Amino acid sequence: MSLLEIKNLHVTVGGNEILKGIDLTVNAGEVHSIMGPNGSGKSTLAQVLARRDAYHVTEGSILFEGKDLLEMKPEEAACEGLFLAFQYPVEIPGIGNTYFLRSALNAQRKYRGEEEMDAMDFLPMFKEKLKLLEMDDKLMNRSLNEGFSGGEKKRNEILQMAVLEPKLAILDETDSGLDIDALRIVAEGVNSLRSPGRAMVVVTHYQRLLNYIVPDFVHVLVDGRIVRSGGKELALELEERGYSWTEHEPVGARA
Amino acid sequence: MSTDMNVVHEMAAKDYEWGFVTDIEEDRIPKGLSEDVIRLISAKKQEPEFMLEWRLNAYRYWAGQEKADAEPKWANVTFPPINYQGITYYSAPKQKKTLNSIDEVDPEILRTYEKLGIPLAEQKLLANVAVDAVFDSVSVATTFKAKLAEAGVIFCSFSEAVQKHPELVKKYLGSVVPHTDNFYAALNAAVFSDGSFVYVPKGVRCPMELSTYFRINAAETGQFERTLIVAEEGAYVSYLEGCTAPMRDENQLHAAVVELVALDNATIRYSTVQNWYPGDKNGKGGIYNFVTKRGKCLGRNSKISWTQVETGSAITWKYPSCILQGDNSVGEFYSVALTNNYQQADTGTKMIHLGKNTKSTIVSKGISAGHGQNTYRGMVKIMKGATGARNYTQCDSLLIGDKCGAHTFPYIEVKNASARMEHEAATSKIGEDQLFYLQQRGLKTEDAVSMIVNGFCKQVFKELPMEFAVEAQKLLAVSLEGSVG
């Protein structure tokens with residue numbers, strides 16, 4: 001059984017059809033990259049997978065570990081092991097980062113019938129993950145994402161992923177707004193989380209991130225359809241020839 | 001509307017858990033108000049002559065006013081006229097004799113408090129919290145009396161104070177809130193039946209948190225309690241009150257008065273967790289909470305700090321205030337007020353700066369959900385002699401849904417040019433993106449909403465005594481159930 005199986009997915013937002021029949025299969029251990037120009041539907045796909053409400057699935061199906069993902073609430077999908085690293089992480093005043101993350105972890109553990117983790121067990125584990133992302137633990141005493149720089153917010157997303165240990169992580173434009181050092185740190189964090197039991201879908205605009213997080217598969221999304229799929233070399237080709245090239249050649253011609 | 005927001009709506013509609021009625025025998029007097037009723041109340045309480053005179057004086061003042069003109073009309077709340085002759089002004093659980101220990105309290109009443117989560121039995125008490133419980137009009141039990149007496153602290157019902165410490169009562173009663181202050185204060189002065197009295201002698205730091213629990217049980221009664229706290233030179237006391245009432249279709253009037261007096265270098269912290277019955281989700285029933293609370297920083301370097309968490313009542317009308325008379329005295333007001341369904345709140349504070357270098361801080365957090373209307377009303381007055389006075393005011397509003405309202409009326413009056421005033425205000429809505437973010441990490445919608453609201457209120461909660469901060473958070477979550485519109 002595949003970890004994620006998307007079939008003929010059609011999605012509208014505010015009456016406009018954004019995704020026009022997506023098929024995608026992701027197995028445990030694989031890293032897939034979704035690339036595409038602005039407005040092609042990359043982020044929509046990420047949000048639909050995370051079960052955001054404003055997106056209406058008009059056709060098709062999504063199975064997550066064989067279960068109907070479209071029947072799940074966002075928190076259920078999260079507890080089943082689906083994680084979205086947001087393109088624009090929100091700020092929430094008055095909620096400490098550490099407190100938030102422990103609450104989230106415990107909500108997930110509870111859902112899975114595991115024992116909740118107390119602060120004594122949580123902290124050492126948390127400190128390890130902080131080190132991994134080279135994050136200052138002073139940040140953790142602040143409110144959730146409040147006053148964080150763009151780079152700190154993105155790192156915080158990966159930190160949360162490291163703590164929550166999802167089965168499927170969707171990284172939505174995690175590279176945007178990162179300088180080269182931050183990009184390296186984030187990529188190293190992500191790479192350290194690659195494992196045979198975990199899959200990742202990396203949504204990105206640029207090939208740059210894929211120099212650091214090397215995908216097993218690359219898919220090109222144009223105007224709501226996957227127009228081309230291939231190995232990591234496809235990303236390089238895209239970088240060289242631009243997206244417009246994919247639109248003029250038949251799907252599968254070079255894959 | 002999204003399903004998330006639906007869940008938030010449902011959450012805000014959670015039921016009032018404290019709405020039960022305890023079946024006990026009451027000693028109540030006939031409805032209505034007259035000089036005879038005042039005399040009857042005073043006689044029932046076997047009060048000394050001076051108290052009766054004081055009451056009658058207040059009653060005559062109150063009765064001499066034309067009701068329609070005298071009731072404060074400026075608040076941003078609406079309600080039908082109150083029939084003051086339709087209220088019973090005294091109701092007490094029937095007791096055979098004076099109680100010597102808590103074991104003698106009617107077990108039904110004790111069970112009620114237990115249901116409310118306030119076990120009176122001392123062994124079950126929260127460590128270091130002494131509780132005075134006021135059931136309808138009468139104080140039924142005061143715990144930890146002996147331990148407090150050792151420290152020299154007097155903590156008892158108001159009635160007992162009138163009997164045992166008349167000189168203190170005489171000296172301070174009405175010294176901060178005179179009966180002429182306002183319509184409801186006058187009514188309270190005439191008919192108040194009990195309340196709490198605290199006296200902390202010179203240099204004593206009260207060894208535990210003091211707490212009063214108010215419960216309205218009887219139907220068609222009003223509750224008019226009166227609290228007086230005096231902290232002598234260098235004394236410190238922290239006091240907390242909580243309140244609940246049964247669910248009833250008619251509105252019930254609660255008109256309390258609280259007076260605080262802090263002498264040189266004394267500190268009084270007064271915290272309220274107010275959870276009177278708010279009425280049902282259509283706005284039927286609920287308590288009218290018309291309360292006058294004021295503290296006087298009489299001495300130099302004295303400090304009075306009010307913290308309130310207001311989640312109950314159909315209508316809340318209260319402005320815990322500070323008169324900063326002593327030089328260098330400090331007044332603080334930290335408030336969370338939540339209105340859901342058809343609740344209305346007009347609340348805030350007054351900071352009157354008289355002394356030099358006096359300082360005040362106001363942090364108000366209003367949360368509106370459902371059709372709730374939430375008004376912050378504050379006054380900061382810097383008088384001529386208050387050289388070097390400072391005020392910081394922050395009032396924030398959080399809206400949940402699109403049928404509720406938040407209103408802010410800050411008044412500032414400065415008569416001394418050296419004053420420094422700061423005012424910040426912000427209004428925000430719980431965003432769907434915030435909710436989604438928390439849900440995506442595995443939190444249920446209701447937990448996500450509580451988390452956001454608690455984050456919003458954090459500045460105030462951290463002012464509450466530890467044990468009660470947790471209570472307040474839970475209460476807020478429950479009060480919000482079923483809220484967004």
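How many helices and strands does chain B have? In this predicted model, chain B comprises 12 helices and 23 strands. Of its 485 residues, 56% count as buried. Among the contacts in chain B with a separation of 6 or more, 83% join residues 24 or more positions apart.

Two loops of chain B carry asparagine residues with positive phi values. Asn265(B), with phi near 60°, is placed in the loop between strand 11 (257-262) and strand 12 (267-274) of chain B. This residue has 21 C-beta neighbours inside 10 Å and therefore counts as buried, the threshold being 20 or more. Asn357(B) has phi near 50°, again a positive value in a residue other than glycine, and belongs to the loop between strand 18 (344-353) and strand 19 (359-369) of chain B. With 18 other C-beta atoms within 10 Å, Asn357(B) is partly exposed.

In chain A, six strands build an open sheet with mixed pairing, in the order 6-9-10-3-11-12. Strand 6 (82-85) and strand 12 (225-230) of chain A stand at the edges; each has a single partner strand, so one side of each lacks a neighbour in the sheet. Neighbouring strands of this sheet are turned against each other by 20° on average, direction ignored. Within the sheet, strand 9 (residues 168-172) and strand 10 (residues 199-204) of chain A pair in the parallel sense over five bridges, and Ile170(A) stands opposite Val201(A) in strand 10 of chain A. Helix 1 (residues 42-49) of chain A lies across strand 3 (31-35), strand 6, strand 9, strand 10 and strand 11 (217-222) of chain A. The angle between helix 1 and strand 9 of chain A is about 145°.

Chain A also contains an open sheet of four strands in the order 2-1-4-5, with antiparallel pairing. Its edge strands are strand 2 (16-26) and strand 5 (67-68) of chain A, each of which pairs on one side only. Strand 1 (residues 4-13) and strand 4 (residues 55-64) of chain A are joined in the antiparallel sense over eight bridges. Thr12(A) stands opposite His56(A) in strand 4 of chain A.

The contact between the chains takes 22 residues from chain A and 20 residues from chain B. On the side of chain A that touches chain B, two or more residues each come from helix 2 (74-80), strand 7 (92-96), helix 3 (97-111) and helix 5 (150-164) of chain A. Helix 3 of chain A gives the most to this side, with five residues. By class, the side of chain A that touches chain B has 14 nonpolar, five polar and three charged residues.

At 1.5 Å a residue, its 15 residues should span 21 Å, which agrees with the 21 Å between its end C-alpha atoms. The buried residues of helix 3 of chain A include Phe100(A), Leu101(A), Arg102(A), Ala104(A) and Leu105(A). The elements covering the buried residues of this helix include helix 2, strand 7, helix 4 (119-132), strand 8 (143-144) and helix 5 of chain A, together with helix 11 (445-461) of chain B. Gly113(A), which follows helix 3 of chain A, has a positive phi near 75°.

Methods: Residues numbered from 1 in each chain as written. Chains lettered and ligands numbered in written order. Predicted model: local features only at pLDDT ≥ 70, side-chain atom pairs only at ≥ 80, totals over all residues. Buried ≥ 20, exposed ≤ 12 C-beta atoms within 10 Å, placed from the backbone. Contact = placed C-beta atoms within 7 Å. Pairing = 2+ DSSP bridges. Axes fitted to C-alpha atoms, helices over the stretch in contact; angles between N-to-C directions. Nonpolar A, V, L, I, M, F, W, Y, C, P; charged D, E, K, R; others polar. Expected span 1.5 Å × (residues − 1).
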